[in-house]
Amino acid sequence: MPKVNRFPMDIPFGWYFVAYTDELAIGDVKPLHYFGRDLVLFRNEDGVAGLLDAYCPHLGAHLGHGGVVQGDSLRCPFHAWAFRPNGFCSSIPYARAMPPIAKRSPIARPYPVTEANGVVWAWYHPVGVEPMFDVMLVPEFTEPGWAPQTRREWRFASNPQEIAENGVDVAHFEFVHGMAHVPEGKTSYDGHVRRSEAHGEREVSYPDGSKKLVKSGVSTVQNGAGQKTTHLMALNTLALQVLATPVEADEVELRFCFTHDPVAPGSFEEQMIKAQIAGTCGQTGVEGDIPIWAHKIHRVQPLLCDGDGPILRFRRYFEQFYADPTEPQSIAAE
């Protein structure tokens, strides 16, 4: 039997997690592999993060293995050519004259980088089109007064579209996660941004045995293919960054980064938040989905029924993040 092509789509373009800000100190040099490419991430002595193709344009040494930060640049371990975050060569210590192309072009392929929400984001586009929208700011992850972050990560065979599509596949919540009822919500699409929210009530059981109905809600914003933020609201607000970065077209790293509004240590509210995080990450959450994602195929023309949710509408939204590699495209308005 011929091998099944599980995912006919390529890697979508957008802003993607490549590191947490607090895990990239000045002088750090890290080899990475994302977007089907070998990369090097570094932070220069000015505090600026840079992401370059890993292999030196001179004679091909890997800049992430033995490369060192000096001043505003990353020096190659082979011949000490130095490159700034913008990809321009800043020095060749033994050259009498800089090659002309090095004066006019960024010869070490750079990727646009920005830092927001405690994350180092890199813009990926298969043919190098510049960023077409910005990372959305989520102040809960950088402003004082919010709880220390809880972080989880997984790596498996899938892609960003399959993961994001899960949120509109309402039928699976009962059969994968054991959720008998998923509240209906409202969804809107505005170019590259998708927003959804649902509100209702949930019963909370208190330590003294009493039970109380409290207002609850879930609000989600998808900002392109690589940034998704969810707020879960009940007794407190739990904020979640969903960070799916493609390693290859059929492999992904998924990270969940949580924070919440202040609660007293050891309080009932703290216990509730810990239970929410455990549920979101465990079998009733993403770890229930991963075995399915890791082995399923993407049906381009799925056979759907009336209880499946707006899967095709979501796919029309997500199609805008795939570019014809021979013809750079822009996002078209709805």
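Tutor: One cut-off before we start: buried means under 20% relative accessible area. Also, this is a predicted model.

Student: Fine. Phenylalanine 35 then, buried or exposed?

Tutor: Phenylalanine 35 comes out at 3% relative accessibility, so it counts as buried. Its place is in the loop between strand S2 (29-34) and strand S3 (37-43).

Student: What about phi of phenylalanine 35?

Tutor: Phi there is positive, near 60°, and the residue is not a glycine.

Student: What does threonine 245 touch, leaving out its sequence neighbours?

Tutor: Setting aside residues up to four places away, threonine 245 touches Tyr16, Phe17, Tyr34, Phe35, Glu251, Val252 and Glu253.

Student: Where does threonine 245 lie? And why does it count as buried?

Tutor: Strand S17, residues 237-248, holds threonine 245. Its relative accessibility is 0%, so it counts as buried.

Student: Back to phi. What is the value for alanine 80?

Tutor: About 70°, again positive in a residue that is not a glycine. Alanine 80 is found in the loop between strand S6 (73-75) and strand S7 (82-83). With a relative accessible area of 23%, alanine 80 is partly exposed.

Student: And methionine 98, where is its place?

Tutor: In the loop between strand S8 (89-91) and helix H1 (100-104). Methionine 98 has 23% relative accessibility and counts as partly exposed. Not counting residues up to four places away in sequence, it touches Cys89, Ser90, Ser91, Ile92 and Lys103.

Student: New topic, aromatics. How many pairs?

Tutor: The count comes to 20 aromatic pairs. Take tyrosine 317 and phenylalanine 321: the ring centres are 5.4 Å apart and the planes stand at 85°, so this pair is edge-to-face. Both of these residues are buried.

Student: How are phenylalanine 318 and tyrosine 322 arranged, as an aromatic pair?

Tutor: That pair is tilted, with 6.0 Å centre to centre and 55° between the planes. Phenylalanine 318 is buried at a relative accessible area of 0%. Tyrosine 322 has 18% and also counts as buried, because the cut-off is under 20%.

Student: Which residues do ring pairs link into a cluster?

Tutor: Phe13, Trp15, Trp123, Phe133, Tyr189, Phe314, Tyr317, Phe318, Phe321 and Tyr322. An α-helix has 3.6 residues a turn, so residues three or four places apart point the same way.

Student: What lies over the face of tyrosine 189?

Tutor: Arginine 313, at 3.8 Å from the ring centre. Arginine 151 lies over the face of tyrosine 20, at 3.7 Å from the ring centre.

Student: What lines the largest cavity?

Tutor: Arg202, Ala234, Leu235, Asn236, Glu269, Met272, Ile273 and Gln276. H4 provides the largest share, four residues. By type, the lining has four nonpolar, two polar and two charged residues.

Terms used: Residues are numbered from 1 along each chain as its sequence is written. This is a predicted model: local features need pLDDT of at least 70, side-chain atom pairs count only at pLDDT 80 or more; totals for chains, interfaces and linings use all residues. Side-chain values use heavy atoms; hydrogens and water are left out. Rings of Phe, Tyr and Trp (its six-membered ring) pair if their centres lie within 6.5 Å; planes under 30 degrees apart count as stacked, over 60 as edge-to-face and the rest as tilted. Buried means under 20% relative accessible area, exposed over 50%, partly exposed in between (1.4 Å probe, protein chains only). A charge sits over a ring if NZ of Lys or CZ of Arg is within 6 Å of the ring centre and within 35 degrees of the ring normal. Helices (H or I, at least four residues) and strands (E, at least two) are DSSP runs, numbered from the N terminus. Contact means heavy atoms within 4.5 Å. On a 1 Å grid over the protein atoms alone, a cavity is a set of points where a 1.4 Å probe fits but cannot get out, and a pocket is an open set with protein on both sides within 12 Å along at least five of seven lines; lining residues have an atom within 4 Å of a point. Ala, Val, Leu, Ile, Met, Phe, Trp, Tyr, Cys and Pro count as nonpolar, Asp, Glu, Lys and Arg as charged, and the others, Gly among them, as polar.
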